[in-house]
Each structure stands twice: as structure tokens, then as C-alpha cells.
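Here are my notes on the model, as numbered points. Please read them with the structure open.

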Amino acid sequence: MRVCLASTSPARLMLLRQAGIEPEAQAPRVDEEAVIAEVERAEGRRLPAAEHVLLLARRKAEDVARRLHAEEPDFDGFVIGGDSMFALGDDILGKPYTPEAATARWLDMRGRTGILHSGHSVFRLSPGTEPREAHAVAEASVTFAADVDEQEIADYVASGEPLLVAGAFTVDSLGGAFIERVEGDPSTVVGMSLSTVRRLVRELGGSWTALWNRP
């Protein structure tokens, strides 16, 4: 049973490997900003975080699944896509990209609790049949230490770690020491809820343990 990760995220790849799965990986060809802008324009509203991540997770998995279905008709297995966003109050925070943005976020986040929303999309591909799909959003709350000082923030930002991750933090690396509490599936905060992916695989008739392929 093959598994393809529709993502280039090192964190999602690491999670699957730790769970006993060595997936293939393909980068989805999705313009995320354009997808969100198109849907929000059509619906005349700003998408809340849960809808945002679910839409992008599905588009990513769908793009890779369609290509695999066309280019490798013998593919028998699952395609997994994901997307994450961090909500702090009314603000939805993606990747900060710049040191200035990351610093501003950390000054605002310390001592507060936010919600990490993680969208999941799984496609079941099998020879001779149309792809089937299942989707879900997982959430976990994250509480940051109130005593994180400006020098610690400056040093953390200088490490480069928070620039390219949703919410400008990690829980499984350098940022973990600044987080006091996580409520919910901890793997959700890393980038993908393994328990949610397992449930979606089972909804599509698969067995999670049948995906284990690492020695």
C-alpha cells in the first residue's frame, strides 16, 4: 500500500516517518493565495481559519491525486495533504516570512493562548476506480510563556526557525521551551494530526497499520 505526501513540509514528513510510514512526496502545484482570494471573492466573506486550512489541504491533495491517477494508473494507496494556520484572538497568522513580522508576533503572543488549526485531506487511489476522498480539521490550543523576554525573542528569530512556520513557532524544536501548555493532539501543532489522518484512512476503507513500511 503506497502513501504519497502532497507536501514539501519537513515537519509532516518527519511525523509520518515517526509513525512508521516512509511516504513518497510530491509538491502540490497550488497557488495558495490565489485559491483563497478566489473563494473569498466569490463568497463575499473572509474564510475563518478552519475553512481556510481545509480548503487548501483539499486542493493540495487533489492536485497530487489527479496527477498520480493520470500518470500512474496502477497507483494503489493514499495521498495525504495538509495545511495549518494559527489563530490568536481575531487574527489568523500564517508564516511570518520576515524577522520583523516574527518579532512582532512573539511580542504579541507571549502570555496568551491561541488555536492551531490543521486541515487534512486524504484521497484513496486504486487501479480502475475513481479517487475517493475524506477531509477533517483538527485543532489544538497553545499557551505561550508570559515571561519570554525581548532578548529571547530576538535570539529565536535570529535562528530563522519561526520565519517559515505557521504562527511563527514550533513545539518540537527551539520554540518548545517558550510554550507552557498544549491542549489537543500534540502532533496537530507540529503540522498534522496523526490520529485524524488515521481516522480518514479508515473512513476510506484502509488500515493504518498496513501503511507501516519503515524497518
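1. Which residue forms a salt bridge with E62? The partner is R66, with the closest N and O atoms 3.0 Å apart. A salt bridge here is a side-chain nitrogen of Lys or Arg within 4 Å of a carboxyl oxygen of Asp or Glu. By this rule the count comes to 16 salt bridges.

2. On provenance: this is a predicted model, where local features need pLDDT of at least 70, side-chain atom pairs count only at pLDDT 80 or more, and totals for chains, interfaces and linings use all residues. Residues are numbered from 1 along each chain as its sequence is written, and side-chain values use heavy atoms, leaving out hydrogens and water.

3. Back to E62 and R66. Both sit in helix α3, four residues apart, about one turn of the helix. Helices (H or I, at least four residues) and strands (E, at least two) are DSSP runs, numbered from the N terminus. Buried or exposed? E62 is buried, at 13% relative accessible area, whereas R66 is exposed, at 59%. The cut-offs are under 20% for buried and over 50% for exposed, with partly exposed in between (1.4 Å probe, protein chains only). Salt bridges that share partners join R58, E62, R66 and E133 into one network.

4. E133 is partly exposed at 33% relative accessible area. R58 is partly exposed too, at 28%.

5. R2 and E24 form another salt bridge, 2.7 Å from N to O. R2 lies in strand β1 (residues 2–5) and E24 in strand β2 (residues 24–25), so the pair links distant parts of the chain, 22 residues apart. R2 counts as partly exposed, at 30% relative accessibility. E24 does as well, at 29%.

6. Now the helix packing. Helix α4 (residues 99–109) and helix α5 (residues 150–158) pack at about 145°, with axes 10 Å apart. Axes are lines fitted to C-alpha atoms over the stretch in contact, and angles run from 0 to 180 degrees between N-to-C directions. The contact (heavy atoms within 4.5 Å) is made by P99, A102, T103, W106 and L107 of α4 and E150, I153, Y156 and V157 of α5.
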